[in-house]
Amino acid sequence: MKGAWKVVLLSIFWWHATPGFAFTGKIGIIGRLSTNDGSDLGPFWRLISGYMMLAVEHVNTRNNSLVPSATLLPPDFHLEYRYFDSRSNPSRGVTIAVELSAWGAHAVIGAVRSAVSAPVALVAGTAQTPVISYASTSQELADAVRNVCVPSACPPAARVSDAAVVAC
């Protein structure tokens with residue numbers, strides 16, 4: 001996850017910030033706290049979501065315990081975020097991506113499921129907004145040629161399966 005933050009920070013800072021001027025990067029975070037029917041998914045997903053929001057706070061306070069590269073940013077660089085629960089629903093993901101695009105998000109972190117990340121990437125891609133898919137494992141998202149703005153922090157599920165077979 002720390003590597004994903006470095007990609008987000010660098011993409012926002014180098015592509016949008018002007019040295020010597022105050023700049024606020026806007027990050028959309030698409031997490032997963034509940035199912036489509038509203039059932040709570042438990043403490044693990046709350047912890048992951050809390051970690052992402054805490055990482056933004058650490059960037060803004062230049063605390064390098066979660067985001068080591070935070071101390072390298074200029075003092076006039078700050079982040080804002082909007083957090084959304086996708087409820088693992090692709091159509092909700094599209095609605096969130098449209099809202100984040102209208103807000104002017106510079107980067108999107110999420111979603112958790114490939115079924116949500118793929119349509120989010122399509123919407124974000126129209127605005128050339130990078131998407132960090134930290135848990136999606138679809139080969140479609142791993143295809144760097146078709147999804148230039150979607151670096152994934154997870155290997156595709158097929159590659160993980162292949163590695164498991166080789167290891168056995």
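Modeller: Angles under 35 degrees count as roughly parallel, over 145 as roughly antiparallel, 65 to 115 as roughly perpendicular and the rest as oblique. This is a predicted model, in which local features need pLDDT of at least 70, side-chain atom pairs count only at pLDDT 80 or more, and totals for chains, interfaces and linings use all residues. Residues are numbered from 1 along each chain as its sequence is written, and side-chain values use heavy atoms, with hydrogens and water left out.

Biologist: What makes H3 and H4 roughly parallel to each other?

Modeller: Their axes (lines fitted to C-alpha atoms over the stretch in contact, with angles from 0 to 180 degrees between N-to-C directions) cross at roughly 30 degrees and come within 8 Å. H3 and H4 are therefore roughly parallel. Both are helices, DSSP runs of H or I with at least four residues, numbered from the N terminus.

Biologist: Which residues of H3 and H4 meet?

Modeller: Contact means heavy atoms within 4.5 Å. Pro90, Gly93, Val94, Ala97 and Val98 of H3 meet Ala115, Val116, Pro119, Val120 and Val123 of H4. This contact has 9 nonpolar residues, 1 polar and no charged; Gly counts as polar, Ala, Val and Pro as nonpolar.

Biologist: How do you know how many cavities there are?

Modeller: A cavity is a set of points on a 1 Å grid where a 1.4 Å probe fits but cannot get out. The search of the whole structure finds 1 cavity of 30 Å³ or more. About 50 Å³ of space lies in the largest cavity, a volume being the space filled by probe spheres set on the points.

Biologist: Which residues line the largest cavity?

Modeller: Lining residues have an atom within 4 Å of a point. Among them are Ala97, Leu100 and Ser101, as well as Val120 and Ala124. H3 gives the most to this lining, with 3 residues. By class, the lining has 7 nonpolar, 2 polar and no charged residues.

Biologist: Where is a cis peptide bond found?

Modeller: The cis bond joins glycine 110 and alanine 111, with omega about 5 degrees. Alanine 111 is in the loop between strand S3 (107-109) and H4, a strand being a DSSP run of E with at least two residues.

Notes
1 Å grid on protein atoms, 1.4 Å probe; cavity = no way out; pocket = protein on both sides within 12 Å on 5 of 7 lines; lining within 4 Å.
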